[in-house]
Amino acid sequence: MRIAVCVKSVPDAGSARTIESGTKRLDRSADAVLNPYDANAIEEALRLNETSGEGEVVLVSLGPEKALDALRKGLAMGADRVVLVSDEAAIGSDLVATSYALAKALEREDADLVLFGQQGSDSDGAVLWAAVADRLRRPLISQVAELTVSDSTITGKRQTENGYDTIQAPLPAVVAVTDAINEPRYPSLKGIMGAKKKPQDVVSLSDIGADATRAGEAGSRTTVMTLSPPPPRGDSKKIEDDGSAAAAIVAFLEEKKLL
Amino acid sequence: MDFELTSEHREIQTLAREFAASEIAPFASEWDRDRRFPAEVFSKLADLGLMGVCVPEEFDGAGCDFLSYVLVLEELSRADAGVGVTLAVHTSACTLPLLMFGTTAQIAQYVPPLARGEALGAFALTEAGAGSDAGAIVSHGTESATGWHLAGTKQWITNGSFADTFIVFARTETGVEGPRGISAFILDASQVAVTREEHKLGLNSSSTVDLVFDTDVLADRLLGERGRGFGVAMATLDGGRIGIGAQAVGIAQAALDAACAYAKERRAFGKAIGEFQAIQQKLATMATEIEAARLLVYRAAMLKEHGKPHTVAGAQAKLFASEVARRQTSEAIQVLGGYGYTKEAPVERYFRDAKVTEIYEGTSEIQRLVIARSLLGELGRPS
């Protein structure tokens, strides 16, 4: 099966994240890593093709050219190649503009299945997969914790508060997996050494037939007005330990009927 | 001059760090307490290619450079120095000397299983009467019709209880005293017997044993030239020292990590203790010394990788890094106070593990001797 996995280079969670006050964009000069949620999507793609013994896994991304360094981890895990849409005109894309550029790149790939991780660990939007599925006019299953493919149908199990929803869709389709779906493999040293030699195509918006005015800031439909730190929690209760903290915590939990 | 790791080096470092953080560090205290050799970890390391990092691909290694191997050792040792020494001995004291001194047939037979991690390697030089004075070994080999008869006892042999392939040194030349009468041999586990597992101060997740052997081997088990075994041993230790330097840096870094985390959390006199200059001064000195040790180790690794002389650079790296590790793991205990002295915190383990880096693969005194001789030439040698 031909599987495209949409991936993103994000700032390392261990480094301090700052937002540039002028552009209101995340400062991306810190060390970048593959979005951890995307590792689950790549792992699932590799497993699906390992089960069938054939197919291709292509990573598709939008970002600056240096994003390749982080995306190579996906190649080291076992993906076959990467297509990175990189264009000055795409800087500042919001979710809508990003979904446009990704959809244009995905149209070229003509994959049987498009996989997403549940969200980007930097922006935590968790809606990009829906926008891309809509642009591609393909069925979407999100929050998938278990995925099976038979012939031309996929079945996704979605975990909910009350149990599982089991959802079927015809291929081609778009699926967003949760981080509970699998345990991503470590890339092997051979994988790391071999990743450099795998195809890494950096393409511009015009290369994929995309209209530059629909990407980047020009194509964005949202504007960040102001930014502020989250408000402090109003209803929290701090218990200082004067020797009776354990009893106070038990009393609190009992009051809330949690014990 | 460029102090940046390449992107590949960083990826390998990240792999080792992530693996160590989830597969080794959470269990290290338990292995230490139970004196357990975590065999399962080495099969996982093998799956990732980490048992043959700097072995060429044609012999089933990962084909990375020596610095990559050093980065892996540092990261694994940061989680558990016992795992670090097991990998260090397996690689730089067994696999690499086989590659360097083995015949084509010996390399083809012994290196691929070691590089794949299906076999574990060991190095048997030290004896009860021959430690720093390695030329004083009395294990002996006598020529027979088909090869050699080897007999002797060895001590402090890392990996001994679990190794499949041993490089063993024995005196083969009669009438020649000291280093010149020694040869190196390749023995299988079936040709040696473990008589005792050592109880150590630290590195409790690694195996250290006494060995005896009394066995006939075919002529093709001779490694390198007859009578030139001491050269094999010294060349092995030249590279091995860099690995031990990396191990020491890893242990010291782990101690610094623990001290910093504690300094941010622990409160005294109404503040986090990290707000006190007394603690800040300690942490700053720790970080600076560790970084200096790391650079010495990386430099020695690059010299070796480029085929340049690295005996003195390796000795300096090992000497400095091991002393930093011993000193700064002690400082980390001081930062953690009473808590640091208990087995609730990992720093007392780091302290116990660090000490041996000043002793094995050449004591600090021997490293200083190596360095002094490079400065003074013949004057530095005993007359």
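How many bridges join β1(A) to strand β4 of chain A?

Reply: This is a predicted model, in which local features need pLDDT of at least 70 and side-chain atom pairs count only at pLDDT 80 or more, while totals for chains, interfaces and linings use all residues. Residues are numbered from 1 along each chain as its sequence is written, chains are lettered from A and ligands numbered from 1 in the order in which they are written, and side-chain values use heavy atoms, with hydrogens and water left out.

Five bridges join β1(A) to β4(A), which covers residues 56–62 of chain A, and the two strands run parallel. Strands here are DSSP runs of E with at least two residues, helices are runs of H or I with at least four residues, and both are numbered from the N terminus; two strands pair if DSSP finds at least two bridges between them. β1(A) also pairs with strand β6 of chain A, residues 113–116, again in the parallel sense, over four bridges. β1(A) itself spans residues 2–6 and is mostly covered, with four of its five residues buried, where buried means under 20% relative accessible area, exposed over 50% and partly exposed in between, for a 1.4 Å probe and protein chains only.

Around this strand, chain A holds seven helices and eleven strands, and its C-alpha atoms fill a box of roughly 65 × 50 × 40 Å, taken along the principal axes. Of the 259 residues of chain A, 42% count as buried. Among the contacts in chain A with a separation of 6 or more, where contact means heavy atoms within 4.5 Å, residues 24 or more positions apart account for 71%.

Some backbone details of chain A also deserve a look. Most residues other than glycine have a negative phi, and most peptide bonds are trans. A:Q143, in strand β7 (residues 140–150) of chain A, has a positive phi near 55 degrees although it is not glycine, and at 34% relative accessibility A:Q143 counts as partly exposed. A:D151, placed in the loop between β7 and β8 (153–160) of chain A, likewise has a positive phi, near 50 degrees, and at 77% relative accessibility A:D151 counts as exposed. A cis peptide bond, with omega about 0 degrees, joins A:L171 and A:P172, and A:P172 lies in the loop between β9 (163–170) and β10 (173–177) of chain A.

Chain A also meets chain B, in a contact that takes eleven residues from chain A and 19 residues from chain B. Together the chains bury about 1,400 Å², of which 59% is on carbon and sulfur atoms; buried area is the accessible area, for a 1.4 Å probe, that two parts lose on being put together, summed over both. The rule finds three salt bridges across this interface, a salt bridge being a side-chain nitrogen of Lys or Arg within 4 Å of a carboxyl oxygen of Asp or Glu. B:E18 forms a salt bridge with A:K73, and their closest N and O atoms are 3.5 Å apart.

In chain B, the domain assignment gives domain 1 (7–115), domain 2 (121–230) and domain 3 (237–380), with bounds that come from an automatic or database domain assignment. The C-alpha centres of domain 2 and domain 3 of chain B lie 30 Å apart, and seven residues of domain 2 are in contact with nine residues of domain 3. These two domains of chain B bury about 590 Å² between them, 67% of it on carbon and sulfur atoms. On the domain 2 side, B:S132, B:L201 and B:L203 lose the most area to domain 3 of chain B, together 73% of what that side buries. Across this interface of domain 2 and domain 3 of chain B, the rule finds zero salt bridges.

An unreviewed UniProt entry lists "domain: Acyl-CoA oxidase/dehydrogenase middle" at residues 122–214 of chain B; UniProt positions follow the numbering used here, feature names are shortened, and annotations may be inferred rather than shown by experiment. That span is 0% helix and 48% strand, and its end C-alpha atoms lie 18 Å apart.
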